[in-house]
Amino acid sequence: MPAFTRGKSQLSAYEVEETRKIANVRIHVERVIGLVRRKYQILQSRAVPIEHMLTKPGEALALIDKIGVICCALSNLSVSVVPLE
């Protein structure tokens with residue numbers, strides 16, 4: 001039994017609908033993350049130097065975070081993978 005049912009044997013109709021909506025959005029988010037990882041070679045590397053993961057003094061983001069932000073921004077300029085209704 002899932003932990004989020006909080007002791008109930010079954011979810012209410014509202015909770016079922018909300019869970020479906022969240023699952024639908026989650027599928028699209030996972031698709032977009034996969035698309036970004038496949039599209040940009042720099043994100044496909046499994047071994048990242050530790051220096052790229054450390055935040056330098058006076059900076060808010062580490063280099064790998066900056067690279068991820070740029071890749072996502074470029075993906076946002078591309079055609080959407082989510083069908084617009």
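This is a predicted model: local features need pLDDT of at least 70, side-chain atom pairs count only at pLDDT 80 or more; totals for chains, interfaces and linings use all residues.
Residues are numbered from 1 along each chain as its sequence is written, and side-chain values use heavy atoms, with hydrogens and water left out.

The overall layout, then. The chain has 3 helices and 0 strands, so reading along the sequence you get α-α-α. Helices here are DSSP runs of H or I with at least four residues, strands are E runs of at least two, and both are numbered from the N terminus. Of the 85 residues, 12% are buried; buried means under 20% relative accessible area, exposed means over 50%, and partly exposed is in between, with a 1.4 Å probe and protein chains only. The chain exposes about 7300 Å², and carbon and sulfur atoms supply 62% of that. Those areas come from the Shrake-Rupley method with a 1.4 Å probe, and for residues, only the protein chains shown count as cover.

Now the inside. Which residues form the largest nonpolar core? There are 5 of them: Val36, Tyr40, Leu43, Ile67 and Cys71. By nonpolar core I mean buried Ala, Val, Leu, Ile, Met, Phe, Trp, Tyr and Cys residues joined through side-chain atoms within 4.5 Å. As a general point, nonpolar side chains in soluble globular proteins tend to be buried together.

Let's stay with Cys71. Its relative accessible area is 5%, so Cys71 is buried. Leaving out residues up to four places away in sequence, Cys71 touches Val36, Tyr40, Ile42 and Leu43.

How many disulfides does a search of the whole structure find? The count is 0, with a disulfide being a pair of cysteine sulfur atoms within 2.5 Å. Cys71 is in none, and the nearest cysteine sulfur, in Cys72, is 6.9 Å away. Cys72 itself is partly exposed, at 39%.

On to charges. The whole structure has 3 salt bridges, each a side-chain nitrogen of Lys or Arg within 4 Å of a carboxyl oxygen of Asp or Glu. In general, side chains of opposite charge can pair when their charged atoms come close.

Glu18 and Lys21 pair at 3.7 Å, N to O. They sit 3 residues apart in helix H1 (residues 13-39), so about one helical turn separates them. Next, Glu30 bridges to Arg26 at 3.2 Å between the closest N and O atoms. These two are 4 residues apart in helix H1, so again about one helical turn. Glu30 is partly exposed at 45%, whereas Arg26 is exposed at 54%.

The remaining pair is Glu59 with Lys66, at 2.8 Å, N to O. Glu59 is partly exposed at 36%, and so is Lys66 at 34%.

Last stop, Thr55, in the loop between helix H2 (50-53) and helix H3 (63-76). Thr55 is partly exposed at 44%. Setting aside neighbours within four places, Thr55 contacts Ala60, Leu61 and Ala62. Its C-alpha is 9.3 Å from that of Asp65, 10 residues along the chain.

How values were computed. Contact means heavy atoms within 4.5 Å.
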